[in-house]
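Here's a quick briefing on the fold below. Have the structure open while you go through it.

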Amino acid sequence: MAVTIKDVAKRANVATSTVSRVIQDSPKISEATKARVRKEMKALGYEPNYSAQSLANRVTQSIGIIMPESDVAIFQNPFFPESLRGISEWVNEHNYTLSIVTGKTSDELLSRVKLMTRTGRVDGYIVLYSKQEDKIVEYFHREKIPYTVIGKPQQFISETTHVDNDNYQAAKDVVTYLIRLNHQRIAYVGGDHERTVNTERLRGYQDALREAHLPLPDEYVVREPFTLEDIRTLLQVSPPPTAMIVNDDLVAMAVQKFLSQLGVSMPEQLSMVSFNNLMLAELMNPPLTSVDIDIFTLGYQAAKSLIEKIEDPKELTKHIIVPHRIVERESSQKLPSSEE
């Protein structure tokens, strides 16, 4: 005869609801009680039926992962696999599964999210980006659907659990780092300025230069999409920059290619610092100085926060900041003190 949850409860001297919560690893149950119940489960050879648990509790034990709207290029950005690795770490530990939601446009993405919600396929969502006037976040807020954002939300900030770096401060720290290397003419090559992370980094860069009373000509800022001619024009500004901050390691790789075509060597003629510290930063020639934003932990903390909210709807809203650090490599060089 098959062992049931009631058998485990009786042997552990707890309620069946307590055994159910132990199976779900609920934070409401003490570690001592969890250990006792799990010991009896093992002794009886009881294997939890997670599908039955989900039906009984009207949960799916699955969460949706919302990628930014885009074509295939988004899947080539190592940020997303690494954040998914962090999410998967927590999800696997707590017996949840993942469903990835993609779309070429924001409307297509929203349509797929609504379908997934209506059909009850997931218990909540992690949004892997943050941007202004996001219809998906508006939908979650209106329908009271559990969700977590990686990035700084632009809507319902005080009511939205999110995990982020201090991107504004990170950019200021990069400017400070370059100033210590005697650079005073510092350019910035930015990303898609619909994304909050990009606007925060640009703002930090601008404020740091102002506070240091250093030049900030409009020509020193190059926005995406950019071309070889845009980089050529930047380097022809008088006086030209001696250092460049690039918003993302992938973008830095494209910039480095253009610099090579223009006959500009790094770091002898131009120092470069980027963000994200992806593996490719070490593989570039020269290896790229980059800000490590701990992508894995961003994903891990986002999953942890969401599952805690799913399992306890009264869980308070969290604003989690993951620390950053500058990883110095050969792409940045100190100027002689007599030079800018």
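**Quick tour of the model**

Just after α2, D25 takes a positive phi of about 55°. Helices (H or I, at least four residues) and strands (E, at least two) are DSSP runs, numbered from the N terminus. This is a predicted model, where local features need pLDDT of at least 70 and side-chain atom pairs count only at pLDDT 80 or more, while totals for chains, interfaces and linings use all residues. Residue numbers start from 1 along each chain as its sequence is written, and side-chain values use heavy atoms, with hydrogens and water left out.

**Overall**

- The protein chain has 13 helices and 12 strands, and its C-alpha trace spans about 85 × 40 × 35 Å along the principal axes.
- Of its 340 residues, 51% count as buried (buried means under 20% relative accessible area, exposed over 50%, partly exposed in between, with a 1.4 Å probe and protein chains only).
- Among contacts in the protein chain with a separation of 6 or more, 69% come from residues 24 or more positions apart (contact means heavy atoms within 4.5 Å).

**The α2/α3 pair**

- Helix α2 (residues 16-23) packs on helix α3 (residues 31-44) at an angle of about 95°, and their axes are 10 Å apart (axes are lines fitted to C-alpha atoms, for helices over the stretch in contact, and angles run from 0 to 180 degrees between N-to-C directions).
- That's why α2 and α3 are roughly perpendicular to each other (65 to 115 degrees; under 35 counts as roughly parallel, over 145 as roughly antiparallel and the rest as oblique).
- On the α2 side, T18, V19, V22 and I23 make the contact, and on the α3 side T33, K34, V37, R38 and M41 do.
- By class, the contact of α2 with α3 has five nonpolar, two polar and two charged residues (Ala, Val, Leu, Ile, Met, Phe, Trp, Tyr, Cys and Pro count as nonpolar, Asp, Glu, Lys and Arg as charged, and the others, Gly among them, as polar).
- The buried residues of α2 are T18, V19, S20, V22 and I23.

**The six-stranded sheet**

- An open sheet of six strands runs in the order β2-β1-β3-β4-β5-β11, with parallel pairing (two strands pair if DSSP finds at least two bridges between them).
- At the edges sit β2 (97-101) and β11 (319-321), each of which pairs on one side only.
- From one strand to the next, the twist averages 20°.
- Three bridges hold β5 (residues 162-164) and β11 in a parallel pairing, and V163 has I320 as its bridge partner in β11.
- Helix α13 (residues 295-311) packs on the sheet, touching β1 (62-66), β3 (124-127), β4 (147-150), β5 and β11, and its direction makes about 165° with that of β4.

**Cores**

- The largest nonpolar core has 70 residues, of which I126 and Y205 touch the most other members (a nonpolar core is a set of buried Ala, Val, Leu, Ile, Met, Phe, Trp, Tyr and Cys residues joined through side-chain atoms within 4.5 Å).
- Helix α13 gives this core its largest share, nine residues.
- Leaving out residues up to four places away in sequence, I126 touches I63, G64, I65, I66, I87, T148, I150, A302, A303 and L306.
- Another core, of 17 residues, lies apart from the largest one and includes I66, V127, Y147 and V149.

- Strand β9 (residues 271-275) is mostly covered, with five of its five residues buried.
- S271, V273 and F275 point one way from β9, while M272 and S274 point the other way.
- Strand β8 (residues 243-246) runs parallel to β9, joined by three bridges, and M244 stands opposite M272 in β9.
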